[in-house]
Amino acid sequence: MQPHREGFVDAALIPVGLVVVPLTGALLIAATSIGATRRAHALTVITSGINLAAALGALIACSDGGVIEYAYGGWRPPFGIAVRIDGIGALIAALIAGVALAVFIYSPQILRVELPRDEPSFFAMSLLLVAALQGMAVTADLFNLYVFLEIGSLAAYTLVAVGGGVATLASFRYLLIGTVGASFYLLGVAYLFALTGSLNGADIAQALMEVAPSAALVAAVVFLAIGLGLKMAIFPMHGWLPDAYTYAPSAASALIAGLMTKVSALALLRVLYGVIQPAHRSLLLPIGDVIVILGCAGIVVGSLMAVAQRDLKRLLAYSSIAHLGFIALGLGIGNRDAVTGAVFNMVAHGVAKATLFLIVGGMTYRLGSRSVKSLAGLGRSMPLSAAALVIAAFSMIGLPPTAGFTAKWYLIMGCLEADRPDLFAVVVASTLLSAWYFLRLFEAAFFSAEDHSADEPLRAGWELPVSMLAPIAAGAAALIALGLANQTVIVRLIESSALVAGLARGATP
Amino acid sequence: MSDLFASRFEYWMTTALIVIGFYGIVAKRNLVKQLIGLNIMQTAIILLFISMSVQPGGTVPIIDASRSGAIYMSPLPHVLMLTAIVVMVATAGVAFALLIRIHRRFGTLEEDELLERSR
């Protein structure tokens, strides 16, 4: 790669650091801090702080179409493994680092309740998860992506399983389905490797120019889409998600729900539009149509199921399925605005969902319950958390000035440009449904006749401890900031990246 | 047809193994049997990769100047699958740990009984 120096740190090393720093942190904790909770927590916060700084550096370096590439050991692709981030990759890397830091600052208090004495292992596993997710965000190599996908998944299975009891069962199901997904992905990679003899994304895209469309290529795309679809829980491959999110410890739920599925969505985006599309646009059309239909089904089913839930975590899990449907819809339509909306929704939904899970964790911590009913009087007993709940829910529904509004706006523009008013109708209908179930929460929190705010809370104090409240507030603030600065993010990071800039506007994807 | 079978023998074998493994995951009601199905499926994909590296009459990929024109096996799929095997072993390890936990907690690994007892 061209030496690409900025300041005294070689910017080309940023993507490597994004992976290596949390990985080192995880190993250090596992080696030195088992049984030493405070040291483990300090190490975790320090490493994820460095990670966030590196991600912000990547954001700056990758704005306005910048790209950072680095080939391990100087072996350039197709012989070696390369990492490569563009604006979208940097955006997702920043999402991962930001959400992770917030969750890690938040977690000591609640872990003391939910996982006494196991905190260091929890931190080590979470950092491993963060390292793997960053690896998926930065890698340019399809097989390398598989390895990071599996490292991250294994960390996620254990993080779900430490919930104990039913959580172990949920985790085993997640493991079965997740590994099947990864296997399908690997099968797709095998087909591409057989067709092109390469594993580097850009290199495969180049080689595919010479390859005629064939059954093998269709099989490759279908297997890759099924594999990543299982990991990102596109309907009807979402069966593992509600149980896994519900029974995991609160901090783990926030981390997994906020990040895991988004990074798989990023991988799907790169495979479809970075690897296959440049050479075989027409082949992608029917597959895109199927993804659109599944996305719509996920939106409708997820929203309807969310309305029926009484457990807040389960409600959030089903609303995740609906939002992953939105992302799939955008990726399936495949014109520039729809994909921009999908990418923006990865960030918006990642932040909003992590914030909501942190708030529900806070309720569990302070009130000892996370049912919709126990929200009654939340506006008085935990006013700041309730305010953050409103902001995050606004983003989930898609109301201005939050980030969710921008995401939905671009998605709707994409639907209309593609001449698909039927999809527009689905998006609007699901917005109404999500407004219904979130307004139900507001009603309980602020206007309920029942009022538990006078009840003695499980833990005294006016609100949550500051270390729990600050990450929640930061999440809510980030949602508004993203909503207000949406043009900066979209123009400088998303639309300037080659992946999206190469997509057509308008009806023909 | 028999020609097609003979010339693409390894693909038929891996396809059969993947289908068997997938059947085990979907149809079996015992968690250990589901895990065995999963392992069969992963192994099939590993075999598929390895079979792609074969060159008829090929030899070990160590360049030997004294033998010009030698045909070499492709080393890359082997290296990749070494990693994939590690992933598979790690997955199996985590899965067994989970199964032990589940058995301790619920006293069974039959899915139907687990559904009843986890309520």
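R117(A) sits in the loop of chain A that runs between helix 3 and helix 4 (119-138). The model is a predicted one, and in it the phi angle of R117(A) is near 75 degrees, a positive value although the residue is not glycine. Most residues other than glycine have a negative phi, and most peptide bonds are trans. R117(A) counts as exposed, because its relative accessibility is 71%.

D419(A) likewise has a positive phi without being glycine, here near 65 degrees. The loop that holds D419(A) lies between helix 16 and helix 17 (421-446) of chain A, and with a relative accessibility of 61% D419(A) is classed as exposed.

## Cis peptide bonds

The peptide bond that joins F235(A) and P236(A) is cis, with omega at about 0 degrees. P236(A) belongs to the loop between helix 8 (215-231) and helix 9 (241-247) of chain A.

A cis peptide bond also leads from P400(A) to P401(A), where omega is near 5 degrees. P401(A) is placed in the loop between helix 15 (383-397) and helix 16 (403-417) of chain A.

## Salt bridges within and between chains

Side chains of opposite charge can pair when their charged atoms come close. Over all chains, the search of the whole structure finds ten salt bridges. Among them is the pair of E111(B) and R173(A), whose side chains meet with 3.2 Å from N to O. This pair crosses between chains, since E111(B) is in helix 5 (residues 111-117) of chain B, while R173(A) is in helix 6 (residues 166-196) of chain A. Are the two partners buried or exposed? E111(B) is buried, because its relative accessibility of 11% falls under the 20% limit, whereas R173(A), at 26%, counts as partly exposed.

The side chains of D112(B) and R29(B) form a further salt bridge, with 3.0 Å from N to O. This pair links distant parts of the chain, 83 residues apart: D112(B) is in helix 5 of chain B, and R29(B) is in the loop between helix 2 (9-27) and helix 3 (31-52) of chain B. D112(B) is partly exposed at a relative accessible area of 42%, and R29(B) is partly exposed as well, at 37% relative accessibility. Through salt bridges that share partners, R173(A), R29(B), E111(B) and D112(B) are joined into one network.

In chain A, D422(A) forms a salt bridge with R420(A), and the closest N and O atoms of the pair are 3.3 Å apart. D422(A) is partly exposed, with a relative accessible area of 41%, and R420(A) is also partly exposed, at 29%.

## Surroundings of Q34(B)

Q34(B) is located in helix 3 of chain B and is buried, because its relative accessible area is 4%. Its side chain makes a polar contact of 2.9 Å with the side chain of E111(B). Leaving aside residues up to four places away in sequence, Q34(B) touches F172(A) and L176(A) of chain A, together with G24(B), I25(B), K28(B), R29(B) and E111(B) of chain B.

Rolling a probe the size of a water molecule over the atoms shows where empty space is left. The largest pocket has a volume of about 670 Å³, and of the 30 residues that line this pocket, A94(A), G98(A), V351(A), A478(A) and L482(A) are the closest to its centre. At least two lining residues each come from helix 2 (37-62), helix 3 (87-114), helix 13 (336-367), helix 18 (466-484) and helix 19 (486-494) of chain A, with helix 3 supplying the largest share, eight residues. By residue type, the lining of the largest pocket divides into 24 nonpolar, five polar and one charged.

The second largest pocket has a volume of about 540 Å³. Its lining consists of 27 residues, of which R84(A), G201(A), A202(A), R270(A) and G274(A) are the closest to the centre. Strand 4 (82-85), helix 5 (142-161), helix 7 (201-208), helix 10 (250-276) and helix 20 (498-501) of chain A each supply at least two lining residues, and the largest share, six residues, comes from helix 10. The lining of the second largest pocket is made up of 18 nonpolar, four polar and five charged residues.

Methods
Residues are numbered from 1 along each chain as its sequence is written. Chains are lettered from A and ligands numbered from 1 in the order in which they are written. This is a predicted model: local features need pLDDT of at least 70, side-chain atom pairs count only at pLDDT 80 or more; totals for chains, interfaces and linings use all residues. Side-chain values use heavy atoms; hydrogens and water are left out. A salt bridge is a side-chain nitrogen of Lys or Arg within 4 Å of a carboxyl oxygen of Asp or Glu. Helices (H or I, at least four residues) and strands (E, at least two) are DSSP runs, numbered from the N terminus. Buried means under 20% relative accessible area, exposed over 50%, partly exposed in between (1.4 Å probe, protein chains only). A polar contact is a pair of N or O atoms within 3.5 Å; within protein, one must be able to donate a hydrogen and the other to accept it, and residues adjacent in sequence count only if both atoms are side-chain atoms. Contact means heavy atoms within 4.5 Å. On a 1 Å grid over the protein atoms alone, a cavity is a set of points where a 1.4 Å probe fits but cannot get out, and a pocket is an open set with protein on both sides within 12 Å along at least five of seven lines; lining residues have an atom within 4 Å of a point. Grid points are joined across faces, edges and corners, and a volume is the space filled by probe spheres set on the points. Ala, Val, Leu, Ile, Met, Phe, Trp, Tyr, Cys and Pro count as nonpolar, Asp, Glu, Lys and Arg as charged, and the others, Gly among them, as polar.
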